[in-house]
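Please open the model in your viewer and keep the selection tool ready. The tour moves from one selection to the next and says what is there.

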Amino acid sequence: MSPGWPQRPCRFVTSRCIALLALFCPFAFARPQAVPHVDHRHPIVTQALALGWGAGKQSEVGAATAGLRLIFGSSWLLGALLALLSSVLVSVGLILQKKAQHKLMGDGAATTDQEPSRLRVMHEGVFWLGLGLYLLGTPVDLLAHEFAPGTTVLPLNACIVVINALLSYVVLYERFTHSDFFASVLCIVGTVGMNAAMSQTTWPLEDLPVQEVLRMSNELLSNQGFKSYMMAWCMLFAICTCMVTCVSKQNAARSYAVPMFVGLLHALFYFMSKRMVALGVRASDPEVWNDPVNNKVVAITTLLYLFYVSSVVDGVQQLSNRFFVPAMFVACQVLCATQDLLFFRAWEAMTENNITLFVVASSVSLISVAFISPEQRVNASPGASSSSTPRLDPCTDALRRHQHVLNIMDEYEIRQPTSPCATDLTTVDMSISISNWWRAFPLFACVAMISLPIALWCLGLFFAMFTAMAMLAGYQAWKLGMHIALFAYAGTQKMAHFDNADFRALHKAELSDQRTRLGSSPRWGDVFHFVLLPNYKEDVKVLSIAIKSIAASGEARSKIFLVLAMEAREEGAEEKAAGIKREFANDFLSVEMTFHPVGLPGEVPGKSANTKWSAEKVLTEIIPARKINLAHSIFTVGDADSEFHSEYFAALTYYFVHAGGGPGMTPDRYLTIWQPPILHYKNYMTQPSLVRIASYLTSGHELANLADPNTTRVPYSTYSISGTLAAKVRGWDPDWISEDWHMALKCFLATGGRLKIAPIFLPILNYAPEGESWWRTLMARWVQAKRHALGFSELVYLNDHIPRVFRAIEDRRERCIFAWRLFFLWVKLLMIHMFMACFPFIGPMNGILLAYFVTYHPFSSALTIDSWTFLVNFVIQAVSVMSLVGFAILSVAIFETVRPRIEHSAKCSLWWDSPMLHVLTILPANLVLLPPSFLAAALAEWLPAVRGVGGD
């Protein structure tokens, strides 16, 4: 996906819709029971009856099983939760096994690098932890079948693919192409469709009398269906064994033979384990173990399981998890389902439409696997080797040493050659004032969100109400929960890779490499930077920290203009600016001063008005006087306390030079806002706990949006923009407070939706508000929260200009592209503020409903505790709780990544020095202080929404 807003709307929207379908498919097709207690049956009983083995009923459930059912109030719910737990255990187990291999390979996780032997991998503790979790997942899955039908358990097992995809990206740093993503989704959709086709035959083997189970085991080898099945199985097994052992690893056929080999072993194990479970629940009956055949069944099943686990371990080591897990899942599901159809003759209980659906769904699953790349395409852990520190060894190949950095940039499509036939930037006029029609929209949106479930309740639409609550809670649990925890952690790894990169050396190496295509891009020496630092009554020491960080750049003396954007209304502003200029005059190409006048018409005093004034001075006076090409200039707007990374401006130059475009297109450098991660961690050690929580949640949210290549992004606090784009849109608007969001929306509308937000993973640290006392610090943070909440009013600006911009776009295709990109941007802006405003209402309301369900009070015949809607909602709440742990780990991960730059971090206590103890100190604070934090954030959101109605 392209950075910022999606640049390929059809593919982007389709991928989002299919991804959402894949996420809910396992739940939507997890067939529940209609009432709280219904006898579950398994396909094997019906199939056994078709073979003439007879049937009966004998329920034998132990006291522990009954106790679990009593606790959860529903056997189906317990089985579904166990199935989800099994998926988590299996997924995490496979990830940790692969992590052990990556740890040994260092920076060599490519196809051409030597893989460590299994013996070396087995010496890693991470491997045994992963193997233990994986082994634990199997009995949990078998136990799930005890409480819920296979039509519930098997679709929920598809969560393995979803969890694996997330963890492969975040933990293993595997890179996904669009083909990998679509194919993985189709794997899930296909396997769930297979389950839907067979959903009418759900009967448990455990209900058979012990005599019938013994008879089935004794007559197994004499059954013609089983003999035919075993002949086909042996033939496929021999083919796969030959390919796995005789074909070279470079052959693609071997990559597909490995998961098929695993699937064959799993299918036979699944077949035999059902019989072993049936014998296990009757272990107290002496007749069971008096029969020698049963001992053979147990022995064969155990051996199959050992071979199966061994093949899984080999598969994980040979192939990327991105490919192996969905391929293995599809092979296991298709073979198990086909086994049931052919051997047990389940097709006799299926309609013609069901058979057609089964054939189509299984074909889609198998074909989709072919479009997932088995290549070991990853970025190694930054700490695995010296690959993360290329500047420490300048004599080596710069391209190779920066390969992981290049991979991250390519993930966002940063490097594009510039065509000599590129077109100039054209924009829509954005100088037209907005009307007052939309001022009530933020308040209306918040009230509507709270009123919707209440209205559905009053109308008696209980199922619709609970479904709406589940959807809202799901968005919150993912976008404001796990998405932050997972992708912000991935962001810390990307920051670690960028931390010691040398972009000037990288660019020099690319110029001498024939494979690099820059086209007619600007030369490195042609690019100049103008760093605007708007400030008002800022302490000189704080300003000096920001200025020194800019001066630390290797580009400072030759390419950077420092612009001190002062406010004329500040007493002593001229003397203050002159003193700073004298101190740092030799550190920059030039230090310029601008003084924003007081009382200009149509202005609201603040950063936006000051930035507009200083930018106009640069555009109209400094650039012409210095004879600088505007097309080669970059404006960076920072806060007065922004501490830049020393390599940021070199990286920005690299990004600018490489942001090209094809023939007939405007180069990306004139359509992009570059955004570094903003971390409120400079005074992390001295922040009160309540402020610290707000700091790492805000920092994590922004970092997660940058780290996720498929999300919609907006700039925040400190960012960079080309001088051409700034001039075309007539600079910043002085009558808006949130200048970062507003400038992004203005550029988005002016360019007809072509704007991109490109991340540069070189973090900027700044201070959280700090006062003389604990209470003053809280009040300062409250003032900042109210200022951030003013972004809600940007929806008024966006809504008002949409019709005019839409009419200004003449080409029908470009109109459609603008509409699609606008949709994602609009939803993002709405959801960020609306959810923060409404969460204190929606969260408790949803919790009350869940508690009401658990007490066996169904609202209607279609909505009980045994419904998939309840299951989804229940799981969502569990994910929300898990996010609290994720936030604690994330906070420490960010702290450790930028620790050398945090004040007083060198003298921290043991509780802060140890990452594990650090996490343990944050967890209780999360549990206690997050609720008041959300309440304060909600109040801050409601204030501008209410004031907007009055036109304030």
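The stops below go from the core to a helix, then to strands and aromatic rings.

Before selecting anything, bear in mind that this is a predicted model, in which local features need pLDDT of at least 70 and side-chain atom pairs count only at pLDDT 80 or more, while totals for chains, interfaces and linings use all residues. Residues are numbered from 1 along each chain as its sequence is written, and side-chain values use heavy atoms, with hydrogens and water left out.

Begin with M409 and F503, which have the most contacts inside the largest nonpolar core, a set of 181 residues. A nonpolar core here is a set of buried Ala, Val, Leu, Ile, Met, Phe, Trp, Tyr and Cys residues joined through side-chain atoms within 4.5 Å; buried means under 20% relative accessible area, exposed over 50%, and partly exposed in between, with a 1.4 Å probe and protein chains only. Now show what surrounds M409: leaving aside neighbours within four places in sequence, M409 is in contact (heavy atoms within 4.5 Å) with I414, F498, F503, L506, Y654 and Y655. Another core, of 56 residues, lies apart from the largest one, and I160, M230, V262 and Y305 are among its members.

Next, select residues 125-147, which form helix α6; helices (H or I, at least four residues) and strands (E, at least two) are DSSP runs, numbered from the N terminus. Its 23 residues reach 34 Å from the first C-alpha to the last, close to the 33 Å expected at 1.5 Å a residue, where the expected span is 1.5 Å times one less than the number of residues. Among the buried residues of α6 are F127, L131, Y134 and F147.

Move on to strand β9, residues 719-722, where Y719 and I721 point one way and S720 and S722 the other, and all are buried. Strand β5 (residues 633-637) runs antiparallel to β9 and is joined to it by four bridges, with T636 opposite S720; two strands pair if DSSP finds at least two bridges between them. Strand β7 (residues 672-675) also pairs with β9 in the antiparallel sense, over two bridges, and there W674 is the bridge partner of S720.

Which ring sits 6.0 Å from that of W674, centre to centre? Select F656: the planes of the two rings are at 55°, so the pair is tilted, given that rings of Phe, Tyr and Trp (its six-membered ring) pair if their centres lie within 6.5 Å, with planes under 30 degrees apart counted as stacked, over 60 as edge-to-face and the rest as tilted. F656 lies in helix α26 (residues 648-658) and W674 in strand β7, so the pair ties together parts 18 residues apart in sequence.
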